[in-house]
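Biologist: I'm new to this one. Can you walk me through it?

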Amino acid sequence: MWTEREIMALDITELEFKYAADHISLSDFMHLFSSRGLPLTVVNDSMDIYYTKLGMDGFQRHRPAMRELTKKLKTSRHNNYHLIESDIYLDSRTTIEAVKFHLGLDGYQESFRITKSNTIYNDAYLSYVYYTVTDEHNQTRNFIEVEVRKDKVEFLGREAFEMLISGERDLAYLGITSGDRLKQSLFEIYHVRNEYEKGYMGGR
């Protein structure tokens, strides 16, 4: 059994807050951080393919453009800010079909796909992200996320959560407070919707 310190040393602890942001414009988000002198680090679009396994509390996510396969598990059912995340990086020969077959051998089946348009600012310890999610029905939603950078979690130790709270305070200009934290991950939001729609259509 991994200890908390061993988990942090493996660089697989994820600390983040996520917020619904359909009422917040990307331009306001960019103004907030550019006015503070933070460089715009990343602007990109990525497709995420999610896989689930019956009876497994967690999921795997394939990002083909980043050649990344991620497994995520919650550490608590009562929050969405402390997660265990393990990333494996793939080479250029690895196709979507190959990943699907590989995960299928372990009982994982594709659940849904989304596309994310990401705008990211980084400071020394935190990442601030605005992204638009487009689902398989071409419906869009906006989200904002503040996350302790994974390479800084071990260094910060138990101060990492306080750093996350500090990042949340930075979002007050946009009207965001602690009461706005989402308790569900993107996976939970879209997996539940996808399963509902499958059941609804199947019953018609």
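Modeller: We'll go through strands, a helix and some charged pairs. Keep in mind that this is a predicted model.

Biologist: Start with the strands. How do S6 and S7 pair?

Modeller: S6 and S7 run antiparallel, paired over 8 bridges. A hairpin of 3 residues joins S6 to S7. Across that pairing, Lys-116 stands opposite Val-133 in S7.

Biologist: And what does S7 do with S8?

Modeller: S7 pairs with S8, residues 140-148, in the antiparallel sense. That pairing has 9 bridges. Val-129 stands opposite Glu-145 in S8.

Biologist: How many residues sit between the strands in the hairpin of S7 and S8?

Modeller: There are 5 residues between those strands. One of the residues in that hairpin, Asn-138, takes a positive phi near 65°.

Biologist: How many residues of S7 are buried?

Modeller: 7 of the 9 residues in S7 are buried, so the strand is mostly covered.

Biologist: Back to S6. Is Ser-111 buried or exposed?

Modeller: Ser-111 is buried, at 6% relative accessible area. Ser-111 lies in S6, which spans residues 109-122.

Biologist: Which side chain does Ser-111 meet in a polar contact?

Modeller: That of His-191, with 2.9 Å between the two side chains.

Biologist: New topic: helix H2. Which of its residues are buried?

Modeller: Phe-29, Leu-32 and Phe-33 are the buried residues of H2, which covers residues 26-34. They span an arc of only 85° around the axis, so they fall on the same side of H2.

Biologist: What do those buried residues pack against?

Modeller: They pack against S6, S7 and S8, and also against helix H5 (160-170).

Biologist: Now the charges. How many salt bridges does the structure hold?

Modeller: It holds 15. One of the salt bridges joins the side chains of Arg-141 and Asp-22, at 3.9 Å from N to O.

Biologist: Where do those two residues sit?

Modeller: Arg-141 is in strand S8. Asp-22 is in the loop between strand S1 (13-20) and H2. The two are 119 residues apart, so the pair links distant parts of the chain.

Biologist: How accessible are Arg-141 and Asp-22?

Modeller: Arg-141 is partly exposed at 23% relative accessibility. Asp-22 is partly exposed too, with a relative accessible area of 47%.

Biologist: Which residue does Asp-170 meet in a salt bridge?

Modeller: Arg-36, at 3.2 Å from N to O. Asp-170 lies in H5, and Arg-36 is in the loop between H2 and strand S2 (40-52), so the pair ties together parts 134 residues apart in sequence. Arg-36 is partly exposed, at 45% relative accessible area.

Biologist: And what about Asp-48 and Arg-63?

Modeller: Their side chains form a salt bridge at 2.8 Å, N to O. Asp-48 is in S2 and Arg-63 is in S3, so this bridge ties together parts 15 residues apart in sequence. Both Asp-48 and Arg-63 are buried.

Biologist: Which residues are linked with them in a network of salt bridges?

Modeller: Arg-61 and Glu-68 are linked with Asp-48 and Arg-63 in that network.

Biologist: Tell me about Arg-61. Is it buried or exposed?

Modeller: Arg-61 is buried, with a relative accessible area of 5%. Its place is in strand S3, residues 59-63.

Biologist: What is Arg-61 in contact with, leaving aside neighbours within four places in sequence?

Modeller: Its contacts are Asp-48, Ile-49, Tyr-50, Glu-68, Leu-69, Thr-70 and Lys-72.

Note on methods
Residues numbered from 1 in each chain as written. Predicted model: local features only at pLDDT ≥ 70, side-chain atom pairs only at ≥ 80, totals over all residues. Heavy atoms only, no water. Helix = DSSP H or I, 4+ residues; strand = E, 2+ residues; numbered from the N terminus. Buried < 20%, exposed > 50% of the residue type's maximum accessible area, 1.4 Å probe, protein only. Polar contact = N/O pair within 3.5 Å; in protein donor to acceptor, adjacent residues only side chain to side chain. Contact = heavy atoms within 4.5 Å. Pairing = 2+ DSSP bridges. Arc of directions from axis to C-beta. Salt bridge = Lys/Arg side-chain N within 4 Å of Asp/Glu carboxyl O.
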